Every structure is written in C-alpha cells, then in structure tokens.
Amino acid sequence: MITAIRRLEIAGFKSFRRLHLEFFPGFTAIVGENGAGKSNLLEAIMFVLGRRSKGLRAERLEHLLHTPPGGEPVEEAEVTLVLDNRSGAFSEVCSEPQIVLSRRITKNSSTYRLQGRLASAREVEALLALAHIDPNGYHIVEQGTVTDVLEGSARRRREILEEVAGIQAYEERKAKAVEELGRVKERLNTGRILLAERRARLAELFRQREAALTFQSLSSEREKIQATLIFQRYELKRAALERALAQAERLREEVEALAAEVDRLDREIEERERASSPSRSLPEDDLTDLIRKVERLRAELSGKEAALKLLDREILTLQQAARDLSRSAAPGRPPEAVQAILDLGWDGILGTLGELVRPQEGFEQALATALGNHTHDLVVTSRDLALECVRYLKENGLGRARFLPLDKLILSPISPQAKSARNLPGVLGFLADFVDCPPEVRPALLYVLGDTLVAETLEAVRAVEGVRVVTVEGDLLERGGAILGGAPKKARDPDLSGRQEELRRREEERKALAREIERLSLELSQAEEELSRKARERAEAQASRAKDEAELLALREKRREIYRELEKKRASLFRYEREAAEIQGELSALGDVPRPAELVQGSPEVLQARLRQIERELAALGAVNLRAIEEYEAALAEVNELKEKVATLEREKEEIERFIAEIERKKREKFLDTLAQVSQELNRLFVRLFGGGEAKLALSEPGNIASDLLIQVRLPGKELRVLDALSGGEKALVAIAFVLALAAGRPAPFYLLDEVDAALDRANSERLAGLLREYAKNAQVIVVSHNEELVRHADRIYGVVLRNGASEVLGMELVGHA
C-alpha cells in the first residue's frame, strides 16, 4: 500500500464542531441517519485535499464554516489530515514517517500547511500526485455520481469519459487557436487587397522603367564601343610586339641552356669513357662451404627435435605410471564417490589433489600427513561443474565427495604467527613451496595447505602457538595445539620411488636437450643469414657492371637529341627578332593611345555591326521618362514589403491550422486510449462482480468520438445488451463498476464512496461488498452507506449522529471476517 489515511481532525467545518478520528487500513463503513453529517465527513477529507467549495455542496467558501443552531458561523474552519509515509511515497518532499496536511479557511481566505509550514495549493497538489491522489479523481465517488450514470443519457456518459481523459484542456487550447486563426485570416485578406492595388501600379512603372533603362544602356554601350574600337587598333600592335619580344627572350634563354647542357654531356661522356676499365671481374666468392654448413645444421636440428618428441612421450608414460603407483600405494583407494566421479571422464575434472601434486625429494611424508583427508579432494575447473558432479552423486546414491572449484576458491591470508614462525631455526618454510604441481592446480594446493609450515622437528616450534606445522618425518602440530606423531606403519613403495627417480632423470635430460636445440636453432639462423648476404653481394656486383654500360649508351643518345633541339631553337630566335623590329616601327608612327575605362568584348567587325544596330534601336524608342527608374524602385520596395507581410500571415495561418489539427489528433488519441483503458477495467470489475460475462464501452458511431457512449454488457449465460436493458439492481451495480473503472490506470491509495449502493438489492450488495473487500487488500476503502448488507462486510464501522446541532462520531465497531 502506497499510503493511507491515519487520522482526521476537524474544527468548525460544516456540521462538525470538533472531531478527532483515527482511520485504519482495510474496509471502513460510515453509517448514520440522513442529515447526521456522514457525507460531511468525506467532504472534510476532500476539502483538505484541495477540492473547491462548489465541489463540496457549497456556493461560497464561508458556507463551509460551522453554524451552531440559532448562532452565527464560526470565524474559521480547519481540517487536518495525517497520511502514512512509512512506504516512502512522499520521500521526494518529506522523509518523515507521516505527512500532516491541513487547510484553514475564513470567510475570505484559504491557506494550506504542510508539516506545520505554510504551503501553496500547487505545492499540495504536487505532493498528493506522488501517491496518485487527485481531489477531483474518480477514486472519490460523491453522492449522485452513480445516479448520474444511471439516469444520464449516453451522451452524458461520454462527457464523463471526456472529463476523465482531460478533453476540456484540448478544447480550450483549440478555441484559443481558432480565435487567433480568425484574426490572422482578417489581416491576411486586408493585406491581399492592398497587394493587388500596388501590383497594378508597379506593372505600369515597370514598362516605363524598362524603356528608360534600355535608353541608358544603349547610350552607354555606344560610347564604350566607339572608345574600344580606337583602343583595339593600338592594342593589337602593342600586343604583337610584346609577344615577339617575349618569344625572342624565351628562345634566347633556351638556346643558352641547351648549349650549356651539350657541353656538360660532352664532358661527362669523356670522363665515363676514361674511368671505365676494359673489364671488371665479378666477385667469385665460393658459397659451397656455407651451403654445406646450413644443410648439416638443419639435419642435426631435425634429429634433436625428433629425440625431444620421443623423450616427451617417455616422460608422459612415467608420469602416468607414477600416478598409478601413488594411487595404489596411498593409505587406501579413493572412496567410491571419488572414483565414480573420476570414471566419468568429464572435461574439467582434473583429478584428486593427491594425484596432481608431487613433493620434492625428502618431503613425501610431510605432504602425505599435511594433506590427510584432503588427498582425495577432487579438483575441478568451475563451481558449476562441481554442482553437476554433486547432483550426479545424489541421483545415483554414490556417497559424498569434496570438490575444489578453481574459479571460486578464496585463499586465506597467511597469519602473522605463521610469518613469524617461518624465520625460526629449524623451520624450513611453507610446505607449499616444496611441492610441485601444474600452475592451474596451484590455488587448490594453497587452499588446503594454506600457511602450513614444514620443520625439521616439532622441537623447533615448541614455543609457538596458533600455527600448523608438519615435520619432514610426518609429525603434525595443529593450530589448536593437537599433535599427530609416531612412526609410519610401513615404508614407501620402492617401485614408486624408482619410477619417480627415473621421471626426474628424464626431465633433466629433456631440459638439456631443449637447450641444445635452442643453440642449434641460433647457429642455423646465423648461417642462413650469412649465406643470404653473400648471395646478395654477388648478384649486386653483376648488376653494377651492366648498369654502367647502359648509362654510358644513354648519355650519348641524350647528347644527340639535345644538339638537334639546339639548332631548331637558334632558327626560331632569328625569326622573332626580325618580327619585333618591324612592329616597333609601326607603333612609333601611331603615337600613344589611352586605355578606355571599360572595354567591350568582340572583334572590330562585330563591334561595328553592333554600333549600327544601337543607332536603329535608339531611334525606335522615341520619348523616354527617365524618372520612372527611381519611382519603380520605391514602388517595388513597397510591394515586396506587402508580399512579405502576406507570406508571414499565410505561414501563421498554416501553422495555426496545423496546430489545430494536432490538437484534434491528440484529443482523439487521448479519448480512445482512455476509452480502451476504462473499458478493460470495467470488464474486469464486471467479471468479478457477476462471476463471468462481459462488459465493454463502445461509441454509438465507431470512430466518431463525438457520438454517444454505450455501456454494453453480457451477463453470464445471456446475450450482449446495453445498460438500460438490465434490471434495476444490475444497472446500479454496472454503473458503480463504470464509476470505479474511471480511475483505471492510476490506482489510488484510498477510495471514498458516498452512498453508491443506494439502489442495490441484497444480492447485488453482496457482490459490491466482495469487490470492495478485494479493493481493501491493496488500498484503504471508506464507504458512507445505509445498506446493512454492505456494512456488515466492513472491517470497521463509524456511527455519525447529530447532537446539539453538531455532528459527532459516537463509536467504532470492529467486525471480524473469517
């Protein structure tokens, strides 16, 4: 339960002079004669939650003030409501175990207090929303609400659903948008009329402006063409002179560069011919010895690697034999459960701890004693595998076994006493340091041995306490002080010792052979590198001789090509020097011609033809109004301004129309979502009340949210029919279910129901009582009722009477239910 009403305190509210009333979870019934003030009790709760006076059967605020018989209304009224906050429903605002909310009014004021401090109505509303409490919600059902559903039309029921869906807010936003759309359309029509008038004037000015602009353009073009033709004749000659001089200068530089290149090539060819010896002998290094050495090293390395593989197989065989002998020589074969797990052969079962570890020479007895019962502990890779093995043992009744899952073992730190005892004379160190095992098994070994020390004798740790020590002969001192000692019953199996000695000798041989292979690999790598270098040097010497001969031939061919190009350039240079001298004589005769401000593009012939055409066009224009240019610009600016205003208004109109369409879409979606949600909850409540059947909400015109809302029901074993076709009691019960369904989607912490059962017969009252008791399992239910059949199902009953002009609650009756 999110929260619940714990206490209600009233002072001067309506018919109550003063009241202090405790509420409890569950189903509470409020009974009393008509006019005693039962409904005022619920209205006091609605009042402090923020309900307005008109929603409390009062026209004005002062009508809520208590008025004693024959007297004047009290100066003020105050209602305090205490809500349970132990679940933390209001933790965003307050972390205290209870929320104290009060509202005080006078004839012309209303104030709220939250936890004793002043608070605004908005702050109270936000607080209550945290627990889904709405003073106007349908989890508060007033007198007449059910009657409104029963006697109201299908259109009225749709209006009730619209209230729940919040459609009014959409309608208000749409009305404002429609009003604004009307104003925008009016301004838009005015702007369009003005724009049409200005455009007509602009069209006439445009014609006059075009004639004036044409006249100006043609006159300017005529002047430019005339100046261009004069300048073109001068510029053509000057450009020709510049080109001739530039070509001559360029060719002069090229001739000098080519002559210098021919001289350089002559010298280089002479030097190469003089430096080149008749014949240079190629390097004749003999590579035979190196090749033989590489082949010999490869063969030797291959033999060693084969020997290593053979030795590895022998070591593997000896290790298996030693494990088999160790298992048979152990103080007893593995228990049946351990052997059964080993026989499974599952991946991840590494073996017993005793099989997987090997003591260094001299520490065999110490390891056997220290391991003790842990010798047959099964080492597995994961906890999941260990649990699977345990499940197998249980299913087959094979007994118990201890597992050491490597992925979940937690190693205990070495104790300070063990660290201190390690440095004592006669203490050799930690036993785990004298035991060999695969790296992955090491955590299991450390888990069992932990900080177990190994000493020469127990005398070395006589004064030490709190440590575990084993001697090389197998005597054991436990941490708690217990001592295990004596002589072993029989000697160690000689065959096992021989196999282990042979295994150690083979492992030493393997290490020596591995070092020899490493040495041969390095020597072979060096020999192969030297052979590669020698071969590369010989090939480079052969390529160098061929390269020198090719380069000398290329130089001779290059010299011939450059000399031929030199002779061509000298002939062209003479021709351009003669042309430049002729043009300089012609320019001296013309004199200096200034450059026009703007040149017209085109050949002289084209420009002459254009000049004749301009004269004809000017004659055809006749009289021209040159002021039309400025008048048109002013009129165009005015038209553009009006166009922008009209475009802005059109965009505003379209935006408002889109906004209205969006409001309609959202309104429709919200209404249909609410309809589906309420219909689903109505069906659930109907099935609960009638033990089956079906109930749903439907629009009289499917898809038209403005059409009437029908409540259609199908009683168990009957056909589908509308609400009005039911009996009186059935109609009332369905109407109550409809009202309760209106709160679907936001389950409330409590439900306040005021005489909703007035029209119910005994059977339907039983059904409603069962439903309310179901609601009371998850929420607080408070019902005002005259119905004895309903009241007797309540957990508690409050009786309200009118005494001396004021309502009082006389007592509380507790009713138990099996």
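Begin by selecting Asn804, which counts as exposed at 65% relative accessibility. The model on the screen is predicted. Asn804 lies in the loop that joins β24 (796-803) to β25 (806-814). Its phi is near 55°, a positive value in a residue other than glycine.

Select Glu755 next, in the loop between β22 (750-754) and α17 (762-775). Glu755 also has a positive phi, of about 50°, although it is not a glycine. With a relative accessible area of 23%, Glu755 is partly exposed.

Turn now to helix α14, residues 604-621. The end C-alpha atoms of α14 are 26 Å apart, which agrees with the 26 Å that its 18 residues should span at 1.5 Å a residue. Which residues of α14 are buried? Colour Leu607, Leu611, Ile614 and Leu618 to see them. They cover an arc of only 60° around the axis, and therefore lie on the same side of α14. An α-helix has 3.6 residues a turn, so residues three or four places apart point the same way. On the other side of α14, the exposed residues are Glu605, Arg612, Arg616, Ala619 and Ala620.

Proceed to the domains. Domain 1 takes in 284-304 + 504-561, while domain 2 covers 335-484. Their centres, taken over C-alpha atoms, are separated by 56 Å.

For a surface feature, select Leu411, Leu446 and Tyr447, which form a nonpolar patch with about 250 Å² of accessible area together. Leu446 belongs to helix α12 (residues 442-449) and is partly exposed, with a relative accessible area of 31%.

Side chains of opposite charge can pair when their charged atoms come close. Show Glu123 and Arg117, whose side chains meet in a salt bridge at 2.7 Å, N to O. Both ends are partly exposed: Glu123 at 28% relative accessibility and Arg117 at 39%.

Then select Glu261 and Lys558, a salt bridge in which the closest N and O atoms are 4.0 Å apart. This pair links distant parts of the chain, 297 residues apart: Glu261 is in helix α5 (residues 167-275) and Lys558 in helix α13 (residues 494-590). Lys558 is partly exposed, with a relative accessible area of 41%.

Within helix α13, find Arg519 and Glu516, which lie 3 residues apart, about one turn of the helix. Their side chains meet in a salt bridge of 2.4 Å, N to O. Arg519 is partly exposed, with a relative accessible area of 40%, and Glu516 counts as partly exposed at 23%.

Technical notes: Residues numbered from 1 in each chain as written. Predicted model: local features only at pLDDT ≥ 70, side-chain atom pairs only at ≥ 80, totals over all residues. Heavy atoms only, no water. Domains from an automatic or database assignment. Patch = residues over 30% accessible without salt bridge, like charges linked within 9 Å, V, L, I, M, F, W, Y side chains within 5 Å. Areas by Shrake-Rupley, 256 points an atom, 1.4 Å probe, with all protein chains shown as cover. Helix = DSSP H or I, 4+ residues; strand = E, 2+ residues; numbered from the N terminus. Buried < 20%, exposed > 50% of the residue type's maximum accessible area, 1.4 Å probe, protein only. Expected span 1.5 Å × (residues − 1). Arc of directions from axis to C-beta.
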